[in-house]
Amino acid sequence: MLLALTVPLVAVPLVVAARRRPNLRESVTLIAATLLFGLVVSLAPQVMDGARPTVILAEPFPGLPLALVLEPLGLLFALIASFLWLITSVYSIGYMRGHREQHQTRFYAYFAIALAAVMGVAFAGNMLTLFVFYEVLTLSTYPLVTHAGTDQARRAGRVYLGLLLGTSIVFLLLAIAWTWSLAGTTDFTPGGILSGTAPAATLGLLLTLYVFGVGKAALMPFHRWLPAAMVAPTPVSALLHAVAVVKAGVFTILKVSVYLFGSGLMITLVASHWLQYVAAATILLASLVAMRQDNLKARLAYSTISQLGYVVLGALLANAAGIVGSAMHIATHAFGKITLFFCAGAILVATHKTEVSQMRGLGRRMPITMMAFLIASLSIIGLPPTGGTWSKWYLAIGTLEAGQLALLAVLMISSLLNIAYLLPIPLRAFFSAPSGDNVTGGTHEAPLFSLAAIIITTLGCLVLFFYPEPLYRLASQIGR
Amino acid sequence: MQLGQHLPVLQVVIPLLSAPLCLLLRNGRLAWMFTLAVSWLVLAGAVWLLLQVLAHGTVSYALGAWPAPWGIEYHVDHVSAFVLLIVSGISAVVLPFAGISVAREIPADRVSLFYTLYLLCLTGLLGIVITGDAFNLFVFLEISALSSYALISQGRDRRALTASYHYLILGTIGATFILIGVGLLYMMTGTLNMQDIAVRLPAVTDTRTVRTAFAFLIVGISLKLALFPLHLWLPNAYTYAPSVVTAFLAATATKVGVYVLLRFVFTIFGAAFAFQVMSLGPILLVLALLAIFSASTVAIFQDNLKRMLAYSSVAQIGYMVLGISFASLTGLTAGILHLFNHALMKGALFLALGAVFYQLGTVQLTQLRGLGRRMPWTMAAIVIGGLSLVGVPLTVGFISKWYLILAALESGWWPVAVLVLLGSLLAMVYVGRLVETAYFHAPPEDDREVREAPLSLLLPIWILILANLYFGIDTSLTVGVARQAAALLLGVSP
């Protein structure tokens with residue numbers, strides 16, 4: 001488990017050392033990613049057997065160490081992140097070279113640091129440790145977001161740091177210190193630690209602080225950083241802002257709900273109901289905003305905000321189906337969204353198009369990419385034969401168990417909205433008459449490396465539909 | 001007779017006697033090496049003293065073998081040993097930096113004079129911390145203050161003279177207030193030994209004279225430690241002083257001021273009198289919060305980076321005083337801890353700015369454009385130091401902030417905890433401005449060849465930066481001592 005943290009970190013100096021030889025540099029990244037994924041997979045059997053190994057890194061405060069604990073939810077997140085790091089590395093080789101980006105060494109180095117931070121978040125054994133790695137993740141992705149170095153990138157960086165650091169310092173840190181002074185521990189304990197430590201109103205306030213303090217979950221009104229961060233190179237948007245960073249956010253909320261509050265307590269809190277409505281509002285509003293975006297990456301960004309709302313909603317429902325649905329949605333949305341971002345990047349590299357309106361008839365030039373886009377869209381919407389079906393199914397059951405028909409309606413309406421803003425893109429690409437310069441020439445796909453990555457993640461979406469069993473088993477272990 | 005027995009007095013005597021010797025060394029380089037050796041010796045002594053205090057408890061030394069209430073007593077407990085370590089440690093790290101930095105900023109014929117003043121200032125600061133005698137404290141206060149006025153006036157910019165004069169006037173008012181306070185206490189108790197005053201004071205505590213003494217002392221000390229709104233001397237003094245002096249004073253002088261406050265409030269008057277009879281708590285709390293917000297806001301709009309950090313210092317002093325104002329174990333721990341942690345951050349940051357000044361000859365924000373590419377190590381140090389100032393995890397700033405929030409929550413003042421955190425957002429804004437300028441702007445057109453600072457400048461900076469990170473993870477020393485010191489001051493078990 002400690003190795004999982006060190007592998008990406010060791011890769012950093014190697015990447016920097018190999019800066020003059022791009023092939024060697026990329027091999028280092030690929031080897032580190034493969035190694036990391038192998039390590040995380042090798043941890044899986046013991047978790048399924050119920051073991052919860054612990055590593056203590058340091059003890060900055062008496063009784064409050066920086067500790068790593070392996071548990072199912074963290075393992076799930078680590079598995080997704082490390083696998084997709086590998087795929088993204090493959091993809092970015094094609095993208096970064098095809099697009100002739102500057103400062104590629106810096107890019108790969110910070111990418112590796114960010115991955116180490118993600119592993120730290122995934123394996124954190126208590127809230128303080130999680131917070132530490134959460135902040136490291138924010139800071140290490142700042143240079144990635146501002147990679148272009150332009151004025152626009154700088155402004156985006158400001159919004160990014162301002163919102164993420166701001167919410168985490170003011171709300172999240174306060175919540176953690178408060179938890180510590182109430183419960184005398186911040187350890188992630190099945191069943192929760194906060195039950196009975198304070199009146200329900202206080203705990204409700206604390207929960208609110210947590211939910212809004214995790215700015216990475218992009219709950220409205222603290223969602224602005226995500227569209228802003230889309231100025232980053234596409235692989236960054238793909239891995240960090242569809243998977244690692246935002247998922248670190250919803251993962252944190254899920255952890256808080258399951259291991260700090262515990263579902264027994266969560267169900268009784270009135271504040272939890274209000275926050276569910278906030279999540280529901282985020283789902284709907286973000287979907288509506290997404291419909292109005294012409295820039296493809298911006299549309300995907302708002303779609304992400306909306307989908308994160310699903311996970312938060314499931315975490316706040318806190319019943320068995322809600323938790324399982326949330327955890328599964330972390331996985332299925334990761335695969336779906338990363339495919340969509342990969343496609344957006346492939347379109348950019350191959351045709352230099354960024355706007356949805358320019359993509360009519362593109363299916364003839366980039367058939368594989370647009371096919372992948374179609375399948376991934378189905379997964380986001382939650383239609384068979386894709387993995388998204390299952391997670392939305394469990395989330396829907398979760399709302400029914402909680403007796404919240406209104407929330408069920410929100411989920412359904414949002415799915416319709418998803419159809420409205422995602423499906424037209426591939427459909428028009430295939431069936432509309434080509435416009436502009438899409439008419440000319442035969443097929444012209446993205447670089448091979450990128451295409452391979454797209455195919456793998458698309459297959460992932462399909463595999464999750466036909467074999468959801470392992471994922472479900474892992475998800476149902478959470479909180480045990 | 002063992003040498004170790006005389007350690008407390010040697011802490012003061014060594015630098016005090018070295019000062020005139022240093023004057024005799026006409027060669028600047030020699031004077032520097034001599035000062036460096038003295039400073040390291042003092043650091044070794046301070047470490048030894050701290051270990052002794054940790055092992056055997058308070059160390060007491062009768063000056064000239066005159067027993068305590070009559071003679072001057074040197075009294076080293078956890079609080080003073082900790083502050084001694086801060087002062088001598090910062091001095092030991094700053095001096096290697098001074099070698100070429102001072103050689104560039106001070107005319108050659110004045111260098112040995114400069115080091116003489118430096119040693120006197122060090123003597124004064126150490127003496128304040130180590131002495132157990134209220135009047136002796138005042139004497140050392142004046143030694144350190146007079147020498148620092150002269151040190152500040154050595155800045156290359158002519159405005160250093162007015163800054164120094166300004167500081168001289170306000171500093172003298174502060175010292176006079178302290179003297180009046182000490183005089184009144186002497187009048188009421190007939191003794192100058194701190195422990196002795198503390199024993200005799202309760203009998204006369206209900207008099208107007210004692211209350212007046214308290215008021216004079218608090219105002220005088222607040223001037224010295226630059227508590228808002230008595231901080232007006234500080235920004236100019238720090239801005240125009242030579243780089244080394246700024247780094248040294250910013251990391252030590254105000255800390256010693258806070259130490260004096262702790263000493264008088266807790267050891268002499270006692271927490272009960274200060275916080276219940278004189279209701280010092282709310283006063284300090286409000287002033288500290290005002291300091292945090294007003295100074296941080298002003299810092300955001302500064303274009304001279306030394307001035308920006310100077311205002312940030314005023315804000316950070318607010319954090320220390322805030323911790324003290326809770327008068328609880330955790331609060332006091334946070335305050336004392338922040339003495340140490342802030343010394344590390346500001347020492348590192350001012351030294352890094354000194355390196356920038358050494359290479360560029362200016363610390364105007366606009367001149368720092370694109371410097372991230374050209375002085376990568378210095379700027380990386382500034383970024384880490386800045387993050388520590390904001391209070392990002394894995395840095396010392398986070399540890400301080402954590403204890404401050406806990407203290408606020410324990411006292412049930414959660415709005416204060418929120419304000420503390422909002423204050424660190426302001427720090428994020430002014431640090432962010434610096435980072436954006438250094439990394440996102442193209443270098444200015446008239447491109448002189450600017451290179452990385454020499455190793456002898458980088459090394460001290462990075463020692464402090466690494467200390468920032470190390471003590472942000474392993475806090476057993478800092479928190480341990482701070483907690484014991486706080487327990488000692490409050491008279492409770494840790």
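User: How many residues does the contact take from chain B?
Analyst: This is a predicted model. Chain A puts in 20 residues. The number from chain B is 22.

User: Which element gives the most to the side of chain B that touches chain A?
Analyst: Two elements give two or more residues to that side: α17 (396–410) and α18 (414–440) of chain B. With 10 residues, the one that gives the most is α18(B).

User: How many residues on the side of chain B that touches chain A are nonpolar?
Analyst: Three residues there are polar and three are charged. The nonpolar residues number 16.

User: Where is Pro385(A)?
Analyst: The peptide bond from Pro384(A) to Pro385(A) is cis, with omega near 5 degrees. Pro385(A) is placed in the loop between α14 (367–381) and α15 (388–401) of chain A.

User: Is Ala226(B) buried or exposed?
Analyst: Ala226(B) lies in the loop between α8 (208–225) and α9 (233–240) of chain B. Its phi is positive, near 60 degrees, though the residue is not glycine. A residue is buried if 20 or more other C-beta atoms lie within 10 Å of its own. Ala226(B) has 28 such neighbours, so it counts as buried.

User: What is the phi of Leu394(B)?
Analyst: Leu394(B) sits in the loop between α16 (376–390) and α17 of chain B. With 23 C-beta neighbours inside 10 Å, Leu394(B) counts as buried. Its phi is positive in a residue other than glycine, near 75 degrees.

Key: Residues numbered from 1 in each chain as written. Chains lettered and ligands numbered in written order. Predicted model: local features only at pLDDT ≥ 70, side-chain atom pairs only at ≥ 80, totals over all residues. Contact = placed C-beta atoms within 7 Å. Helix = DSSP H or I, 4+ residues; strand = E, 2+ residues; numbered from the N terminus. Nonpolar A, V, L, I, M, F, W, Y, C, P; charged D, E, K, R; others polar. Buried ≥ 20, exposed ≤ 12 C-beta atoms within 10 Å, placed from the backbone.
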